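Here are a few notes to keep beside you as you look at this structure for the first time. Take them in order, with the view open.

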Amino acid sequence: MGQVVAKQVSKNLARPDSGPFGWLVARKFLQLNKVLEVNAVKVCDIQPDDKVLEVGFGPGLGLQAAYKRVKDGKGEVHGIEISERMLKMAEGSLSQEILAKKVQLKFCSVKKLPYDPNYFDKIFHVNCYYFWPDLDMAMQELQRVIKPQGKLVTTLNLERLKEVKSKNMMQCGNFDPDRYMKALERNGFTNIKMADIKDKIAFQSITATANKN
Ligand SMILES: C[S@@+](CC[C@H](N)C(=O)[O-])C[C@H]1O[C@@H](n2cnc3c(N)ncnc32)[C@H](O)[C@@H]1O
């Protein structure tokens with residue numbers, strides 16, 4: 001029984017489906033990850049005219065925080081997801097913003113992004129790179145769509161991730177931050193930094209700058 005649950009949770013962390021485990025992990029995202037999403041937006045330092053992308057937005061809390069930063073400017077918030085459940089959930093909570101065309105959501109993977117080159121000023125993702133099937137392919141796509149000197153941000157709670165792994169619930173992902181930072185470097189990102197942050201809980205951010213020279 002324990003192993004069946006661990007396998008189901010692992011699968012649904014990577015891509016929440018329409019079943020009961022998808023429902024359960026979506027509730028956990030709402031309860032536990034708001035602080036990471038809000039702080040990813042803060043670290044991005046989003047300006048009112050920025051074009052912003054979130055990869056793997058889950059329930060949409062980061063999109064909401066990003067929208068607040070661009071609502072009075074010319075900025076746009078975009079998001080992509082591979083989970084229909086998460087897409088529907090975020091579409092529900094952001095219906096007004098979507099109607100106003102300030103938020104645009106798409107069902108697609110980071111490995112092939114439906115955006116023009118050099119489109120985004122800022123890109124962020126939270127609890128997501130662990131599940132990308134090919135980090136290099138993802139980084140190359142992110143490099144393509146981000147502007148020169150654009151900022152890429154992720155936030156993560158290493159302590160909690162280690163706990164999840166110890167319970168065998170990270171069977172579909174690899175959160176190793178060194179692996180992620182080496183992939184950033186290999187694919188032309190510079191100024192790569194990992195920092196400790198405290199805001200209610202202690203967690204980490206990894207930031208990088210797109211270098212297109
Ligand atoms: C652990 S959840 C995190 C959700 C949210 N960011 C949070 O922290 O609460 C990972 C999310 O990334 C999405 N995801 C996984 N692989 C992806 C990919 N290749 N491209 C886009 N989204 C992906 C999943 O569907 C899932 O909703």
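1. Two residues count as in contact if their C-beta atoms, placed from the backbone, lie within 7 Å. In this protein, 72% of the contacts with a separation of 6 or more are between residues 24 or more positions apart. A word on the source: this is a predicted model, in which local features need pLDDT of at least 70, side-chain atom pairs count only at pLDDT 80 or more, and totals for chains, interfaces and linings use all residues. Residues are numbered from 1 along each chain as its sequence is written.

2. Now the overall build. You will find nine helices and seven strands; helices (H or I, at least four residues) and strands (E, at least two) are DSSP runs, numbered from the N terminus. The radius of gyration, taken over C-alpha atoms, is 16 Å, close to the 17 Å of the globule rule (2.2 Å times the number of residues to the power 0.38) for 213 residues, so the protein is as compact as a globular protein of that length. Along the principal axes, the C-alpha atoms fill a box of roughly 50 × 40 × 35 Å.

3. Next, burial. A residue is buried if 20 or more other C-beta atoms lie within 10 Å of its own, exposed if 12 or fewer, and partly exposed in between, with C-beta atoms placed from the backbone. Buried residues are 44% of the 213.

4. Just after helix 3, Asp 45 takes a positive phi of about 55 degrees.

5. Which residues come nearest to the ligand? Of the 24 around it, they are Phe 29, Asn 33, Gly 56, Gly 58 and Ser 83; a residue is near a molecule if its C-beta atom, placed from the backbone, lies within 6 Å of it. Helix 1 (2-14), helix 3 and strand 2 (76-81) each supply at least two residues of this shell.

6. Finally, two loops to check. Most residues other than glycine have a negative phi. Lys 101, in the loop between helix 6 (95-99) and strand 3 (103-107), has a positive phi near 60 degrees. Lys 200, in the loop between strand 6 and strand 7, has a positive phi of about 70 degrees. Lys 101 is exposed, with 8 other C-beta atoms within 10 Å, and Lys 200 is exposed, with 8 as well.
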